[in-house]
Amino acid sequence: MAVEQLDSSIKNSKNILLVSHINPDGDTLGSMCGMYSLIKDNYKKICDMVAVSKIPEVYKFLPNIDNVKNIGEMDLSREYDLVINLDVAAIDRCADAQILFDKAKCSVNIDHHETNNNYGKINIVEPFASATGEVLFRLCLDLKWKVSLDSAICLYSAIVTDTGCFKFSNTTPRTMEYSGKLLAYGIDPSDIYKKCYESSSKDMVLFQSYCINKAKFLNNDKIAYTIVYKRDLEKFNCNGEDFTDGLTEKLRAIVSTQIAFVVKELHSGSSKVSMRSKSIDIAQICAALGGGGHKFAAGALIKANPEKAVKMILNEIENRKLC
Ligand code: AMP
Ligand code: MN
Ligand code: MN
């Protein structure tokens, strides 16, 4: 039903905007650029695309990423016929683009987060999908969309990054089936792997080693966390969001770790939490702190300094007797 509504709303719209989430990752950017190609190829329409924060360098290889505008360049008074959010778990995760989403004649929410509350006029939310890229490929099959190599690269990259190269528990038979079908369009999987995972800067690797080196371990090492201060980022010449990408996973990789988290000090005096677990449901912890996400990968923005944020997180874990 929602799929047919999406099809007719694309057909009926003259101007369309695609939106990605704050601190963009491979899934939101791959899905946005993938949707751009899919709409261009199947409806002969050119969409606008917007990022609400800096695009990490590693994702600059995605086809059409150069057409993405920063929210600062957008006219926020514009009324689009159609705005499509991709991988945006909650409406506040697209920052000022929410103004454009709310104003649009039609709004679509395409996502895969369990905590998504169906905030769009049309909602295509599949919590069992590994990535929003996987939801988009389902749309390609349902609506018999033509899939170009550009679209395939984008959707495959979205799935690869959200499944940690098919390692995470969100990887299902359908994930593999769709990825196999995407490969058949001529993608080079090794090239995408290198672009997503073997393209870190030297500064980033040295900075992350420093953060791991000063990590704290609690409850017989079941909890592992580290704090990232603004001053440390400056010391290591790291600015921008992506320098902490993959850091939480590195703490989770320790055999004893059950819950890992990274608390990052933000300019506003708030803290950004990135949390991972092996088998404990941490989406509930992050939801209680005002955020959300998936069972084993979630996050939150806490209006407190890092030390206070750590205390709040540890309290939530303790109160629930999670480990
Ligand atoms: P991250 O640790 O930033 O990679 O986020 C892990 C997962 O949690 C991703 O799927 C995010 O979409 C989700 N997430 C992170 N921060 C928030 C937030 N403030 N609100 C809702 N979901 C979040
Ligand atoms: Mn995402
Ligand atoms: Mn995602």
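Modeller: One term before we start: partly exposed covers what falls between buried, under 20% relative accessible area, and exposed, over 50%. Also keep in mind that this is a predicted model.

Colleague: Thanks! Which protein atoms are the donors of the manganese ion (ligand 2)?
Modeller: They are His-21 through NE2, plus Asp-25 and Asp-87, each through OD. Their distances to the ion run from 2.1 to 2.3 Å.

Colleague: And what spacing do those donors follow along the chain?
Modeller: The pattern for ligand 2 is H-x3-D-x61-D.

Colleague: Is His-21 buried or exposed? And what about Asp-25?
Modeller: His-21 has a relative accessible area of 3%, so it counts as buried. Asp-25 comes out at 23%, and because that lies between the 20% and 50% limits, it is partly exposed.

Colleague: Now the other manganese ion. What are the protein donors of ligand 3?
Modeller: For ligand 3 they are Asp-27 (OD), Asp-87 (OD), His-112 (NE2) and Asp-162 (OD), lying 2.1 to 2.3 Å from the ion. In sequence, these donor residues are spaced D-x59-D-x24-H-x49-D.

Colleague: Which parts of the chain do Asp-27 and His-112 tie together?
Modeller: Asp-27 sits in helix α2 (residues 26–43), while His-112 is in the loop between β5 (106–111) and β6 (122–125), so the pair links parts that are 85 residues apart in sequence. Asp-27 is buried, and so is His-112.

Colleague: Which residue bridges ligand 2 and ligand 3, and how far apart do the ions lie?
Modeller: That is Asp-87, and the two manganese ions lie 3.6 Å apart.

Colleague: Good to know. Switching to ligand 1: how many residues surround it?
Modeller: There are 14, and the closest are His-113, Lys-272, Ser-274, Arg-276 and His-294.

Colleague: What polar contacts does ligand 1 have with His-113 and Ser-274?
Modeller: An oxygen atom of ligand 1 lies 2.9 Å from a polar side-chain atom of His-113. For Ser-274, a side-chain N or O atom is 2.6 Å from an oxygen atom of the ligand. There is also a backbone contact: a polar backbone atom of Gly-292 is 3.3 Å from a nitrogen atom of ligand 1.

Colleague: On to the fold. In what order do the six strands of the open sheet come?
Modeller: The order is β7-β8-β9-β10-β12-β11, with mixed pairing. The edge strands are β7 (216–218) and β11 (292–293), each pairing on one side only.

Colleague: What joins β11 to β12?
Modeller: Two bridges do, and the two strands run antiparallel, with β12 covering residues 297–302. Gly-293 stands opposite Ala-298 in β12. Helix α12 (residues 306–319) packs on this sheet, touching β7, β8 (223–228), β9 (259–265), β10 (271–277) and β12. The direction of α12 makes about 155° with that of β9.

Colleague: Last topic, backbone angles. What is the phi of Asn-118?
Modeller: Asn-118 has a positive phi of about 55°, although it is not a glycine. Most residues other than glycine have a negative phi. Asn-118 is found in the loop between β5 and β6, and with a relative accessible area of 44% it is partly exposed.

Colleague: And what is the phi of Phe-166?
Modeller: Phe-166 also has a positive phi, about 65°. Phe-166 is in the loop between α5 (149–162) and α6 (173–183), and its relative accessibility is 23%, so it counts as partly exposed.

Terms used:
Residues are numbered from 1 along each chain as its sequence is written. Chains are lettered from A and ligands numbered from 1 in the order in which they are written. This is a predicted model: local features need pLDDT of at least 70, side-chain atom pairs count only at pLDDT 80 or more; totals for chains, interfaces and linings use all residues. Side-chain values use heavy atoms; hydrogens and water are left out. Donors are N, O and S atoms within 2.8 Å of the metal (3.2 Å for Na, K and Ca); water is not among the atoms, so sites may look incomplete. Buried means under 20% relative accessible area, exposed over 50%, partly exposed in between (1.4 Å probe, protein chains only). Two strands pair if DSSP finds at least two bridges between them. Helices (H or I, at least four residues) and strands (E, at least two) are DSSP runs, numbered from the N terminus. Contact means heavy atoms within 4.5 Å. Axes are lines fitted to C-alpha atoms, for helices over the stretch in contact, and angles run from 0 to 180 degrees between N-to-C directions. A residue is near a molecule or strand if one of its heavy atoms lies within 4 Å of it. A polar contact is a pair of N or O atoms within 3.5 Å; within protein, one must be able to donate a hydrogen and the other to accept it, and residues adjacent in sequence count only if both atoms are side-chain atoms.
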